[in-house]
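Here is a briefing on a protein model. Look over the sequence and coordinates first, then read on.

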Amino acid sequence: MKKQNNVVKPKRTKKTVSQPAKVTIRKLPTGVRGLDDILGGGIPEFSFNIIAATPGCGKTTLAHQIVFANATAQKPALYFTVLGEPAIKMLRYQQQFSFFDESKLGKAVRFINLSDLVLKNDLNAVLAEIIKEVTTANPGIVVVDSFRTVMREAVASGSELDMQSFIQGLTQFLTSWEATTFLVGEYGEAEIRGNPLFTIADGLIWLSQVTERNSVVRKLQVMKLRGQDSVPGLHTIRISANGLQAFSRTLGLVGKKIFPKGRRRLSMGIPELDKMLGGGIFEGDSLLIAGPSGTGKSALSTHFIDEGLRQGESAIVAIFEERPVGYVERAGSFGLNLKKPQKTGKLEILYLRPLDLSVDETMQEILDAVERIGAKRLVIDSLVGFEMALAPGFRADFRESLYRMIGALTGAGVTILSTVEVEDTFTSLSFSHYTISFLTDDIIRMRYVEIDGQLRKVIFIIKMRGSNHSKDIREYVITDKGLVVIGPRQTDYARLTTGAPEPINQPQEASPEPKEKKLEGVLRRVRD
Amino acid sequence: MNRVTPKMRELAERLIAYETKGRQSPLLKTPVSFPVSEKLRPRLTTLMGKFGFHALLSRALALAGKEVPWLRAFQVNAEGSLESLDKLEGSVHPDEIFEGRVVLIAQLLGLLEAFVGEKLTLNLLREEWPSLAPPPEEIK
């Protein structure tokens, strides 16, 4: 007999080792729309940053926006001005921007002029003055504008060691005093190399102006930002009455929730066309309507929008060629009332044709509108007009940005209809010069054909991702009811797609799929 | 062209009256002082630098000197203070001194107003004389 072992074995418990918590770096808002996303959440607190650029890029405005976004009476911002733009002129110009809050001046935002000390070439005195002011005010934000002039004076005085010692002392002091610092300066890209300032800095925001033919566009690049996942590359910035606005290359769409793609079909507002599409297009699809001028692409898109509005969906129409008034009037001539949904906020018509438009800011405008009214349908009329409205320098980026925007919007469940003008040739059938498969799930082609001495119009479905569709070529007309598909199809002609069809007098080859007439016959027999 | 608005003129009068209250004998025995500009000097020097304040006060003095001849006897020294080139003792009536001070300060405030606007000018003054400058809600 085995001796019973009464010894209770202690239960082995997993020893939990508490990990020391890593430091959480608070991120300060920049007050610049779009910039926090680019920076990976904002400016790291207590970081030592450089805002560098050539003149006229918006350095000082950027610094002011950051200052006004963060300064409070308890944690003020100290703005040291040095030989650059005098504070009085800064105040004169910066108060024109909407972010400028004069009630913050004095208590929350304090300007201190260091010119006299810098002119004496005494870096120690400059540092001592900064230390004195910072110690007294206990600021959250410190700006030195322009730091470049401080350095220039120091270099002129001939002591590089003094300069390095000054930078080191300044960095250590301001970080120890828990101040987030911005040194604003005019630098050229060649000056980055071998400059200790850029090595010490935690963050380096580079602003530039890019010239392309007659257009000038401001760009922002986060060249360096310690400890944060900033968005690489050049981002467009624009200076308006609201100050700087940044447009991320990713349009701030990275990480957005993807709408689960269902199989709900949306009506195009033209029953015969819905039938050709197998019941309508899928929600969240991107549909391209390609055809030459005058074939009714805009009319078709208006039907699409009107149908969505009838179903209670909100919609955005981005137009680049026609003006909103004309667009609404033309819809009215088809018996479609777009004025009412415009008034109730269910429909927004964006007319986007300013000069030097950047692709990212245009797309941002569309995205904002979509978000603002919760649009489920979007029309871009047309891609050619969109591209033409852009500054020449942006046209190269057009497809890439368009792809990103369409991908993000359809991913969010918005159904997009884009029109594109293509030139009809009478020897071939082109869809568009854009990279179709990347931009669209579905393609509808409209074209002219010459029949019996008339220039008539036909419509057919080229592609429908994930669904069967009619292969018929249907004739349509544009009447006072809009676009009306007639047909069922032109059976007496061949080579309709070339635009110069020929009458058929001999029996045709069997088509790979049943044509509509035959199919109807089969169904009738089945019913009988 | 006189850019001084009645509001700035009135404000200058109040500031001068406040700063000189009971400090001046009826007849001038001591050199003419400019307490308002002296009080503004550190604040504006911090904002604009010594040179910037010097330039602004010199301009105000030049403009004021056109209206008040005895002010032409003054200049702005390197520190940003006003100093007399001539001895004025007894030659200027206290009423004229008051008027000269008001005109000078009104010109200085007028310049500030032209550069940074009325709101910011009054903000600056409010920091030094909280009870004298009108509160923001009164500024139209």
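How many salt bridges are there between chain B and chain A? The count is 1 salt bridge, a term that requires a side-chain nitrogen of Lys or Arg within 4 Å of a carboxyl oxygen of Asp or Glu. This is a predicted model, in which local features need pLDDT of at least 70 and side-chain atom pairs count only at pLDDT 80 or more, while totals for chains, interfaces and linings use all residues. Residues are numbered from 1 along each chain as its sequence is written, chains are lettered from A and ligands numbered from 1 in the order in which they are written, and side-chain values use heavy atoms, with hydrogens and water left out.

**Interface between chain B and chain A**

- Glu102(A) and Lys119(B) form a salt bridge, with their closest N and O atoms 2.9 Å apart.
- There are 7 residue pairs in polar contact between chain B and chain A, both residues being at pLDDT 80 or more. A polar contact is a pair of N or O atoms within 3.5 Å; within protein, one must be able to donate a hydrogen and the other to accept it, and residues adjacent in sequence count only if both atoms are side-chain atoms.
- On the side of chain B that touches chain A, α2 (35–67) and α3 (94–128) of chain B each supply at least two residues. Helices (H or I, at least four residues) and strands (E, at least two) are DSSP runs, numbered from the N terminus.
- The largest share of that side of chain B, 9 residues, comes from α3(B).
- By type, the residues of that side divide into 8 nonpolar, 5 polar and 3 charged. Here Ala, Val, Leu, Ile, Met, Phe, Trp, Tyr, Cys and Pro count as nonpolar, Asp, Glu, Lys and Arg as charged, and the others, Gly among them, as polar.
- The contact (heavy atoms within 4.5 Å) takes 16 residues from chain B and 15 residues from chain A.
- The two chains bury about 1,300 Å² between them, 59% of it on carbon and sulfur atoms. Buried area is the accessible area (1.4 Å probe) that two parts lose on being put together, summed over both.
- Leu47(B), Phe115(B) and Leu120(B) supply 38% of the area that chain B buries against chain A, more than any other three residues.

**Nonpolar core**

- The largest nonpolar core has 86 residues. Such a core is a set of buried Ala, Val, Leu, Ile, Met, Phe, Trp, Tyr and Cys residues joined through side-chain atoms within 4.5 Å. Buried means under 20% relative accessible area, exposed over 50%, partly exposed in between (1.4 Å probe, protein chains only).
- Leu62(A), Phe111(A), Leu207(A) and Trp70(B) have the most contacts inside this core.
- Leu62(A) touches residues including Val32(A), Ile51(A) and Leu244(A), not counting residues up to four places away in sequence.

**Backbone features of chain A**

- Asp145(A) and Ser146(A) are joined by a cis peptide bond, with omega about 5°. Ser146(A) sits in the loop between β6 (141–145) and α6 (147–156) of chain A.
- Another cis peptide bond runs from Asp381(A) to Ser382(A), with omega near 5°. Ser382(A) is in the loop between β17 (377–381) and α14 (383–389) of chain A.
- Phe46(A) is not a glycine, yet has a positive phi of about 70°. Phe46(A) is partly exposed, at 29% relative accessible area.
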